[in-house]
There are 2 protein chains.
Amino acid sequence: MTTAEVANRLVALCKEFKNFEAMETLYEPDIVSVEPFPGPDGSFETNGKAAVIQKSANWAQAHEIHAASVEGPYVGVDKFSVIFNFEITHKASGNRKHVREVGIYTMDGGLITREEFHVAHF
Amino acid sequence: MTTAEVANRLVALCKEFKNFEAMETLYEPDIVSVEPFPGPDGSFETNGKAAVIQKSANWAQAHEIHAASVEGPYVGVDKFSVIFNFEITHKASGNRKHVREVGIYTMDGGLITREEFHVAHF
């Protein structure tokens with residue numbers, strides 16, 4: 001698939017709340033995921049498809065998701081971007097907040113090899 | 001300046017329509033600019049601050065800009081993203097259109113070393 005085809009597929013699946021199907025089918029085994037804040041192990045990066053999917057599963061488990069929407073895709077040469085909006089409550093603290101972030105995806109060989117997230121900064 | 005400081009500075013200047021001041025003051029001499037479509041020379045990339053600024057000047061010269069707005073920034077570790085909206089008319093063809101794109105900026109040593117643009121793809 002081309003960059004645009006993978007981008008459209010990822011957005012279509014996220015609009016159906018099938019984010020995990022998107023990761024299972026579109027992520028390369030050695031994918032690298034980069035977050036704007038360090039995780040529990042102090043690293044900004046998560047390496048490998050299984051670990052990246054587990055990170056998302058942990059996040060989904062830790063939050064109540066009231067609303068989720070996706071905008072895009074915006075397509076470049078070998079990368080594309082998607083804008084995510086979440087209205088969530090962190091279950092442990094009870095803190096409710098709106099999260100808006102840009103996900104930037106890098107492609108190689110028809111699969112996603114890197115995802116990186118940028119968040120609104122105040 | 002940190003990634004967030006440069007990101008906020010770039011957005012503040014763009015909101016004042018001082019895009020060229022942003023490029024002059026925040027871009028590294030060897031900056032690389034990547035467009036989603038090839039330029040007149042067939043390349044997606046433009047290399048060097050002078051050439052990148054000239055590319056923007058050519059674009060501004062070729063279009064009548066009816067409206068421009070910027071959203072963000074969205075900040076990552078060593079990169080940040082900005083969303084641009086333009087309502088423009090291509091002077092030569094008379095074609096008027098709305099352009100929405102994501103700009104992704106890479107930082108090194110307090111300056112921007114790479115910019116890459118992703119566009120809505122239909």
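Where is the place of B:Pro73? B:Pro73 has its place in strand E3 of chain B. The legends below return to this residue.

**About the model.** This is a predicted model, in which local features need pLDDT of at least 70, side-chain atom pairs count only at pLDDT 80 or more, and totals for chains, interfaces and linings use all residues. Residues are numbered from 1 along each chain as its sequence is written, while chains are lettered from A and ligands numbered from 1 in the order in which they are written.

**View 1**

**View 2. Chain B meets chain A.** Each chain brings residues to the contact: 22 from chain B and 22 from chain A. Two residues are in contact if their C-beta atoms, placed from the backbone, lie within 7 Å. On the side of chain B that touches chain A, the elements giving two or more residues are helix H1 (3-15) and strands E3 (63-75), E4 (79-90), E5 (96-108) and E6 (111-120) of chain B. Helices (H or I, at least four residues) and strands (E, at least two) are DSSP runs, numbered from the N terminus. E6(B) gives the most to this side, with five residues. By class, this side of chain B has 15 nonpolar, four polar and three charged residues. Here Ala, Val, Leu, Ile, Met, Phe, Trp, Tyr, Cys and Pro count as nonpolar, Asp, Glu, Lys and Arg as charged, and the others, Gly among them, as polar. The copies meet through the same surface, because 100% of the interface residues of chain B are also interface residues in chain A.

**View 3. Strands pair across the two chains.** Strand E3 (residues 63-75) of chain A and E6(B) run antiparallel and are joined by two bridges. Two strands pair if DSSP finds at least two bridges between them. A:Val75 stands opposite B:Val119 in E6(B). A:Tyr74 has B:Ala120 in E6(B) as its bridge partner.

**View 4. E3 and E4 form a hairpin in chain A.** Ten bridges join E3(A) to strand E4 (residues 79-90) of chain A, and the two run antiparallel. One of the pairs is A:Glu71 with A:Ile83 in E4(A). The hairpin joins E3(A) to E4(A) through three residues.

**View 5. Two hairpins follow in chain B.** E4(B) and E5(B) run antiparallel, joined by eleven bridges. Across this pairing, B:Asn85 stands opposite B:Arg100 in E5(B). Five residues lie between E4(B) and E5(B) in their hairpin, and B:Gly94 in the turn has a positive phi of about 80°. E5(B) also pairs with E6(B), in the antiparallel sense, over eight bridges. There, B:Glu101 has B:Val119 in E6(B) as its bridge partner. The hairpin of E5(B) and E6(B) has two residues between the strands, and B:Gly109 takes a positive phi near 60°.

**View 6. H1 packs on H2 in chain A.** Helix H1 (residues 3-15) and helix H2 (residues 19-26) of chain A pack at an angle of about 150°, with their axes 7 Å apart. That makes H1(A) roughly antiparallel to H2(A). Axes are lines fitted to C-alpha atoms, for helices over the stretch in contact, and angles run from 0 to 180 degrees between N-to-C directions. Angles under 35 degrees count as roughly parallel, over 145 as roughly antiparallel, 65 to 115 as roughly perpendicular and the rest as oblique. A:Val6, A:Arg9, A:Leu10, A:Leu13 and A:Cys14 in H1(A) face a set in H2(A): A:Asn19, A:Glu21, A:Ala22 and A:Leu26.

**View 7. Some backbone angles stand out.** Most residues other than glycine have a negative phi, and most peptide bonds are trans. A:Phe17 has a positive phi, near 60°, and is not a glycine. A:Phe17 is found in the loop between H1 and H2 of chain A. The peptide bond from A:Gly72 to A:Pro73 is cis, with omega near 10°. A:Pro73 lies in strand E3 of chain A. In chain B, the bond from B:Gly72 to B:Pro73 is cis, with omega near 10°.
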